[in-house]
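I open this notebook to record what I looked up in one structure. The entries follow the order of my reading.

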Amino acid sequence: MEATKFIWFNGKLVPWADAKIHVLTHTLHYGTGAFEGIRMYETAKGPAIFHLRKHMERLKFSADSLSMELPYSVDQLCNATVELIKANGLKSCYIRPIAYFGFGEVRVLPTNCPVEVAIAAWPWGAYLGDEPARVTVVKTLRVHPQTTAPGAKISGNYVNSMLAGREAVQRGYTEGLQLDYQGNIAEGPGENFFIISSRGGSSSGGKGITISTPALGSILPGITRWSIMTLAKDLGYAVEERAIKVAEALEADEGFFTGTAAEVTPIASIDDKPMKSSPGPVTKQIAEEFKKITRGENPKYLEWLTFVNK
Ligand SMILES: Cc1ncc(COP(=O)(O)O)c(C=O)c1O
């Protein structure tokens, strides 16, 4: 990981090496942080941050789910991110805002623990590698909706993700696929899941192809997931959010993961059963269109980008 000059830390730009916390920080012990992962891309008009505002709005939503009052507004956090990018002179990068309960008292309820906020940014490449992912269904279930709010990006939820991802990698796969408490596919440890099937009938859109993704409830409502659903509908595909069983996914034509880190990553196989094609034609088209959008090459979606040098 490549260090940059500054980290935005509680309202100030501080040198990377000085952005430190106390060992009795509440969130270090109890997982009570809210965080985000955002990407910035190089475009012809300079660096552009993808869905900056949506990410900061989700940060606020995640903080709210912890009853954590952010000391900065969404606008202030967006401006701070732009300030940080400029100070670090970055062209493309990954951006990690985090809000956490700092050092106050050591007890489960964060009594007298100040809410602190940091934003870091550093150059970062492909997350799941450049090859289509070999995926396995893992035994670690995705957190139940009545436990730690799977729809919020909360630090503690990533124990669940870490165990799922580690299980997959230890068994020799690229990534895990987690089921929800009802036995439906939920998502990857850091990615949303999609399948593509050609089915006749009126529900399959003009192209006779349906793109399906697990419904909200047990998953993180990915910002890339939303962007890809919007793009796929605009491209004339039928898009469905619904329950998907593993048996159905094994019979799908194509599959892919989406996420800020993973972008659009084609799935090669699920539990060693190859997808019918990988990367298939629809996945390829969607990945290419997504790349154009993030690089500012599709005028229709320019509002999804925050240009740093306005
Ligand atoms: C558990 C989980 N699901 C899905 C995603 C994808 O979400 P997004 O597209 O907003 O990055 C992420 C990454 O943030 C994640 O951690």
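Which residues are the closest to the ligand, and how many surround it? I looked this up and found 14 residues around the ligand, the closest being Gly 222, Ile 223, Thr 224, Gly 259 and Thr 260. A residue is near a molecule if its C-beta atom, placed from the backbone, lies within 6 Å of it.

I note that this is a predicted model, in which local features need pLDDT of at least 70 and side-chain atom pairs count only at pLDDT 80 or more, while totals for chains, interfaces and linings use all residues. Residues are numbered from 1 along each chain as its sequence is written.

Next I recorded the elements of the ligand shell. Helix 5 (223–234) and strand 14 (254–259) each supply at least two of its residues, and helix 5 gives the most, three. Helices (H or I, at least four residues) and strands (E, at least two) are DSSP runs, numbered from the N terminus. By class, I listed two nonpolar, nine polar and three charged residues in the shell. Here Ala, Val, Leu, Ile, Met, Phe, Trp, Tyr, Cys and Pro count as nonpolar, Asp, Glu, Lys and Arg as charged, and the others, Gly among them, as polar.

I then turned to the domains. The assignment, automatic or from a database, gives domain 1 (6–122) and domain 2 (133–294). Their centres, taken over C-alpha atoms, are 27 Å apart. I found 20 residues of domain 1 in contact with 11 residues of domain 2, contact meaning C-beta atoms, placed from the backbone, within 7 Å. On the side of domain 1 that touches domain 2, helix 2 has the largest share, six residues.

Methods: Two residues are in contact if their C-beta atoms, placed from the backbone, lie within 7 Å.
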